[in-house]
Amino acid sequence: MATPTLTRPDIPVTPSPGVPAHRPEAPAGPPKLDRDALRRAWNETLDAPRMKYSLLAKMMFVPVDLVYGRKGSYTKFAMLEIIARVPYQAWERTGYWALHRHHGRSALARRVFDRIVEARADQDNEQWHLLIMQDLVQRTGAKQSRVLHKALPWLIAFFYYHVSWLLFVLRPEWSYRLNAEFEDHAEHEYMTFVAEHPELEDEPDPGTYAAEYGRYASVADLLRQIGHDERMHKQDSLVHIRAPRFHQAP
C-alpha cells in the first residue's frame, strides 16, 4: 500500500527549475473490495486450477510444507509473507542499477523508474500482509520459535532474493514467472484456509491496521482481501512477462 504524501496547505510548493510541477502518484496497490466482491473473488480462486509450478517453485513449496505443514495457519502465512517481499526488493535494486546506466536516456529512465515505484508499492502491500499476520498470530497465542519462525524464514528469503535477482539479470521473464507462481500459491493458500475455517466468518476483523489497509466485516473477509492482493501481484507479473525488459515497458 502506497504511503500518502502529506503537504502543508499554507505553504505553496514551487517546483525547481526543470522539474515538472505535478509528480505522478505512486501506485495505490491492489484494489480494496467490498464484501460481495470479496466472496466472488474467493469463489473464483477456489474454482480455478493452480498454475503449473516449475521445478524451482516446487523446490520452495515442498520443504515449506514439510516444515510448517501442508495446512494453512497464521504462523505459516507470516513466514510466507517474509519471503513474499524479496522479489520486489530484488527488482527495485536492479532497477536502480539500470536507472544509473540509462540516466542519459530520459524516456527509458522514466520507464525504469516507473517499474521501481511499482516494485516499492508491491513491497509495501506485502509488508502490510506480514504485519496483519503477526497481529493475528499474537491474538491467537500461537507459538513461534526462533529457529522455525525467525531464522529459517530469513534464510529462505535470502536464497529467494538472490535467485530472483539472478534470474532477473539473466532472463527477467524467468524472475517474473517464478514470482507469479509464488503469488498463485499464496492466493490459493489464503482462500483455501478461509474455506476450511468457516468460524472465521463470525470473527470480527480486529482492525489493527484498518487506517492503512481497510476494515472488513470479518477475519474471513480480511484474509480474502489478502488472497485477492496476491492474485493482483500474480497478474502483474504475468503481464510483465510479455515485456520483461525495461526498454520493452509501455
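Predicted model: local features only at pLDDT ≥ 70, side-chain atom pairs only at ≥ 80, totals over all residues.

Biologist: Fine. How many helices and strands are there in the protein?
Modeller: The protein has 9 helices and 0 strands. Along the sequence the pattern reads α-α-α-α-α-α-α-α-α.

Biologist: And how many residues count as buried, in percent?
Modeller: 48% of the 250 residues.

Biologist: What about contacts between residues 24 or more positions apart?
Modeller: Take the contacts with a separation of 6 or more. Residues 24 or more positions apart make up 80% of those.

Biologist: On to packing. How do you describe two packed helices?
Modeller: You give the angle between their axes and the distance between the axes.

Biologist: Then do that for H2 and H7. At what angle do their axes cross?
Modeller: Roughly 40 degrees. The axes come within 9 Å. H2 covers residues 55-68, and H7 covers residues 172-196.

Biologist: What do you call that orientation of H2 and H7?
Modeller: Oblique. Roughly parallel would need an angle under 35 degrees, so H2 and H7 are oblique to each other.

Biologist: Is the crossing of H2 and H7 left-handed or right-handed?
Modeller: The crossing of H2 and H7 is right-handed.

Biologist: Which residues meet there, between H2 and H7?
Modeller: H2 brings Leu-56, Ala-57, Met-60 and Phe-61. H7 brings Leu-178, Glu-181, Phe-182 and His-185. By type, the residues of this contact are 6 nonpolar, 1 polar and 1 charged.

Biologist: New topic: Arg-224. Where is it found?
Modeller: Arg-224 is in helix H9, which spans residues 219-242.

Biologist: Is Arg-224 buried or exposed?
Modeller: Buried. Its relative accessible area is 0%, and the cut-off for buried is under 20%.

Biologist: What does Arg-224 contact, leaving aside neighbours within four places in sequence?
Modeller: Leu-38, Arg-39, Trp-42, Met-191, Val-194 and Glu-201. There is also a polar contact of 2.6 Å between the side chains of Arg-224 and Asp-221.

Biologist: And what separates the C-alpha atoms of Arg-224 and Thr-192?
Modeller: 9.6 Å. Along the chain, Arg-224 and Thr-192 are 32 residues apart.

Biologist: Last one, His-233. Which helix does it lie in?
Modeller: His-233 also sits in H9. His-233 is buried, with a relative accessible area of 1%.

Biologist: What does His-233 touch, not counting residues up to four places away?
Modeller: Pro-30, Tyr-88, Asp-122, Asn-125, Glu-126, Asn-179 and Glu-183.

Conventions
Residues numbered from 1 in each chain as written. Heavy atoms only, no water. Axes fitted to C-alpha atoms, helices over the stretch in contact; angles between N-to-C directions. Helix = DSSP H or I, 4+ residues; strand = E, 2+ residues; numbered from the N terminus. Parallel < 35°, antiparallel > 145°, perpendicular 65-115°, else oblique. Left-handed = near helix turned anticlockwise from the far one by under 90°. Contact = heavy atoms within 4.5 Å. Nonpolar A, V, L, I, M, F, W, Y, C, P; charged D, E, K, R; others polar. Buried < 20%, exposed > 50% of the residue type's maximum accessible area, 1.4 Å probe, protein only. Polar contact = N/O pair within 3.5 Å; in protein donor to acceptor, adjacent residues only side chain to side chain.
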